[in-house]
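This report walks through selected local features of one protein chain. Please keep the sequence and the coordinates open while reading.

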Amino acid sequence: MANYPTELELDVVLKDGAPARVRPVQEGDSELLANLFTRLSAETVYNRFFQTKTRLTEKELNYFTHVDYERRMAFLVFLEAQLIAVGRYDRFPDEAVAEVAFVVDDEHQGRGVGTLLLQLLTEHARDNGISGFQAMVLADNYGMMRVFRNSGYQLTRDLEDGVYEVDFPTAYTEEAREKESFRESRAVIASLLPLFYPNSIAVIGASRDKTSIGGRLFANLLREGFSGAVYPVNQSAPVVSSVRAYPRVQDIPDSVDLAFIVVPQQHVQAAVSDCVEKDVRGVVVISAGFSEVGEEAAEQELIDLVRRGGMRMVGPNCMGLLNTDPAVNLNGTFAPVYPPRGNVGMSSQSGALGIALLDFAQRLDIGVSSFVSIGNKADVTGADLLLHWEGDPSTDVIVLYLESFGNPRRFSRIARRVARQKPIVAVKSGRTHAGRRAAGSHTGAMASSEVAVDALFRETGIIRTRTLNGLFNVTSLLANQPIPAGPRIAIVTNAGGPGILAADAIAANDLTLVEFSHDLQDRLKSILSSGASVTNPVDMVASAGADEYSRTIRAIMDSGECDALITIYIPTTSEGHEEIWNSVQHAALSNEAVTTLAVYMTAQRNRRVDDQLKLPTFTFPEDAAQALARAVRYGEWLQKPEGEMPYFEDVNSAAAADVIQAALNRMGSDGGWLTPAEVEHVLEAYGLALPVSQVVQSAAEAEAFAVELDRSVVLKATGVVHKSDVGGVKLDIEPWDVAAEYEDMMASVPGITGVLVQEYVGAGHEVLIGMSDDPSFGPIVAFGMGGVNVELMKDVSFRIHPITDVDAREMMSELKSAPLLSGYRGGMPGDVEAVEDALLRVGAMVEDHPEIVEMDLNPVKVLEPGRGLRTVDARIRVAAAGAYYIPSRHNMPGIR
């Protein structure tokens, strides 16, 4: 039997929210399969085997438990340690098609188990070269036909003698992706319901000491009026806060949906075990002392216990969660503040910072729908919360404080979809990097994890702020105002200085200070005094009162000449503040098509005169402009097409795979750099041919090749990484000088193993196209101006794979040096279409061959429009594909 693939052991969520465990079959699973068979009804057995059977024979059990995990595969599904389903495929001899079959315990049919197994098997089969599935299904086996029909794959079926032959390709379709995403969302939302909407709560560790964490959390639940029953669990106190206490959770006479665990670390596992026995649906582990202090083993034991019990867990090492919905009024935190109810869903990975977030939300009057401190996020992650808030009608804006992503691929996939519906604002800590890893290429040296984070946020539409102040500023805007329709900004002020500051901030944030039409200026002249300025910014002068503010704001908004309006007010007298400010709010909110912000420049500003008027208000114009700029960029992202990944008919993926596999067979699983000849073959397979070249081992051989080319050549040292740094590159060498230059290079370049003689390509813009495999984020594709100075200039754009045609075009346009490719100041333009094509071909190569872990095409010479480009130098490093490349680990819905 082949080596057991531990990387395919997965935690999943069923359709009804129940956590389950999936793993491949093993040789010792015969007894498990036999026991499952005894629980199957006669109808289920007949539907699976097309005959009546009372048991599985030893021969059948041996066949079912011995697979090679490639041509033959089987997944087992466990619920609370009991085997409930099996799905398998067996590849037909000499064909790329496999027969697929399932069986699900009768008690658990209808929970989406068959659909999940089909999803997993299809992904695994596709990764192992199986192009299609075939299944034999009895005509009245409606449940199995429903599984196939709802899969999203294009299937055909033929009925003969009461049996359907169902055939469908394993190729991933857009319909399949949408159905899988829908199933994932539904399952995760259902699994989190006991956390957000419990009917009863137990606090294990509730204390009489009101200053303790257990005492504060229990008091908060009572103070905010939780809608259900709250049970304190305390082994030494019969009563806590006038409520009868119980020694253990099992002693509570009624059912418990959610338990908060606030006990010392050494007692947490016992408390969770009690919850499993009590059939609690969710736990929030406040207690610390797990992976955050190096106790990974203890945390893993906790995770295993929670999943065996079919529960979801927040934490450990967290401060709890809250839900301001009046239907539940759940304050399950030990924070001293409780925010106002509103439309912002909030999560913090840091407990202490979570308290600060709630405090600032209360001070700034930002309403919160729900808040979760995820702590070590051992089970419930930020991606799970995104799915919850996506379906929560009370949440319009999502705010995240992140220290890490957990599974960045899953987070990215979900965030990209959720951000199309609701803005996501995030602060990601750990932006600095003490040093870059030792890298064998320019791309590897530049593609740091922080670069990957920026790329992830850019691609998913997440609004990243560098500070908490910036986070609250943009959140206040998005929670209360429409997303700006464009970058045209108008400013109204009663003082010239702040108007100038605002105008400068608008320009600094790449927004447009719109120029008013003559008609609008005439209208403003009729409203304001003769000393006022009616150009943008509009300076109404200090004497402007409530009427001038109201009429001016309405005139500008009704003109249709701006997308957003910033209104600035500085109190110039000790009277009339409330009247003017109330006028500003009502006028600013009179036109819902224009995004409006206010700047009230006083330390004692009244943020909201009328609780029904939600006008985001700032102390300084710079903060308002920065928040507005981020909202505008988000609006532009929403309007941007999602892009496509083209299919290249001229690609020979199989040829490249043969070269890569042969190299790995030679080098071992750790891999290494491909030889120049291997690099050439891989690039040729993807239409990225290098100039004519040959590796030589003598001066005579070098000269003979150059003479045969009958043109100038380049000499490049082989076996050396940064060749230019050590004199390992000689350009534009005439054939008759090649022998002498060869001898000089061999004598002077340390570590040289040979010389590559290559056709010289002189003209053209030098660019870099590369990729580097990040252990968390996967392949990061890079594009920039190339050559030896690429790391010095750092004019490089990055994207996390996969990249689309839209990504490719944006990567080119983002460069500061992008105008060079357009013919800057009369210079030669470059073939940008060929560059886009090359980027997408590199993306296709990375998609097809996860063994490629680093690539540097540098320089690539971009020729004149219509003439394409030439890859002058290239390096490719390969290694055995890591477990995280398994699709179920990074882009399959339903996997935690």
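## A pair in helix α10

With which residue does Asp359 form a salt bridge? The partner is Arg363, and the closest N and O atoms are 3.1 Å apart. The model is predicted, and the distances here are computed from it. Both residues sit in helix α10, which spans residues 351-363. They are four residues apart, about one turn of the helix.

The two ends of this pair sit in contrasting surroundings. Asp359 has a relative accessible area of 19%, under the 20% limit, so Asp359 is buried. Arg363 is exposed, at 57% relative accessibility.

## Other salt bridges

A search of the whole structure gives 41 salt bridges. Side chains of opposite charge can pair when their charged atoms come close. One of these bridges joins Arg72 to Asp90, with the closest N and O atoms 2.5 Å apart. Arg72 belongs to strand β3 and Asp90 to strand β4, so the pair ties together parts that are 18 residues apart in sequence. Arg72 is buried, at 16% relative accessibility. Asp90 is buried too, with a relative accessible area of 14%.

Helix α4 (residues 113-127) holds both Arg126 and Glu123. Their side chains meet in a salt bridge of 2.8 Å, N to O. The spacing is three residues, about one turn of the helix. Glu123 is buried, with a relative accessible area of 5%. Arg126 is partly exposed, at 23%. Elsewhere, salt bridges link residues into a network. Its members include Glu9, Asp11, Arg21, Glu184 and Arg307. Arg312, Asp379, Asp384, Arg410 and Arg413 also belong to this network.

## A buried lysine without a salt bridge

Lys861 is found in strand β37, which covers residues 852-862. Lys861 is buried yet has no salt bridge. The nearest side chain of opposite charge belongs to Glu766, 4.0 Å away. What lies 2.6 Å from a polar atom of the Lys861 side chain? The backbone oxygen of Val761 does.

The contacts of Lys861 can be listed with its neighbours within four places in sequence left aside.

## Helix α1 and its two faces

Helix α1 runs over residues 30-39, and its Leu33, Leu36 and Phe37 are buried. Seen down the helix axis, the buried residues of α1 fall within an arc of 100°, so they line one face. The face turned away from that buried side carries Glu31 and Thr38, which are exposed.

What do the buried residues of α1 pack against? Two helices are among the partners: α2 (42-49) and α3 (58-65). Strands β3 (72-79), β4 (82-91) and β5 (97-104) are partners too.

## Strand β35 and its neighbours

Strand β35 covers residues 778-785. Eight of its eight residues are buried, so β35 is largely enclosed by the rest of the structure. A hairpin joins β34 to β35 through three residues. Strand β34 (residues 765-774) pairs with β35 in the antiparallel sense over eight bridges. Met771 stands opposite Val781 in β35. Strand β36 (residues 796-800) also pairs with β35 in the antiparallel sense, over five bridges. Phe783 has Ser797 in β36 as its bridge partner.

Leu815 lies in the loop between α26 (805-813) and α27 (832-848). Leu815 is buried, at 5% relative accessibility. Leaving aside its neighbours within four places in sequence, Leu815 is in contact with residues including Phe783, Gly784 and Ser797. The C-alpha atoms of Leu815 and Gly784 are 6.9 Å apart, though 31 residues separate the two along the chain.

## A seven-strand open sheet

What is the strand order of the open sheet of seven strands? The order is β17-β16-β19-β18-β20-β21-β22, and the pairing is mixed. β17 (330-333) and β22 (463-464) stand at the edges, each with a single partner strand, so one side of each has no neighbour in the sheet.

For β22, strand β21 (residues 424-428) pairs in the parallel sense over two bridges. Val425 stands opposite Ile463 in β22.

Technical notes: Residues are numbered from 1 along each chain as its sequence is written. This is a predicted model: local features need pLDDT of at least 70, side-chain atom pairs count only at pLDDT 80 or more; totals for chains, interfaces and linings use all residues. Side-chain values use heavy atoms; hydrogens and water are left out. Buried means under 20% relative accessible area, exposed over 50%, partly exposed in between (1.4 Å probe, protein chains only). The arc is that of the directions from the helix axis to the C-beta atoms. Contact means heavy atoms within 4.5 Å. Lys and Arg count as positive and Asp and Glu as negative; His and the chain ends are not counted. A polar contact is a pair of N or O atoms within 3.5 Å; within protein, one must be able to donate a hydrogen and the other to accept it, and residues adjacent in sequence count only if both atoms are side-chain atoms. Two strands pair if DSSP finds at least two bridges between them.
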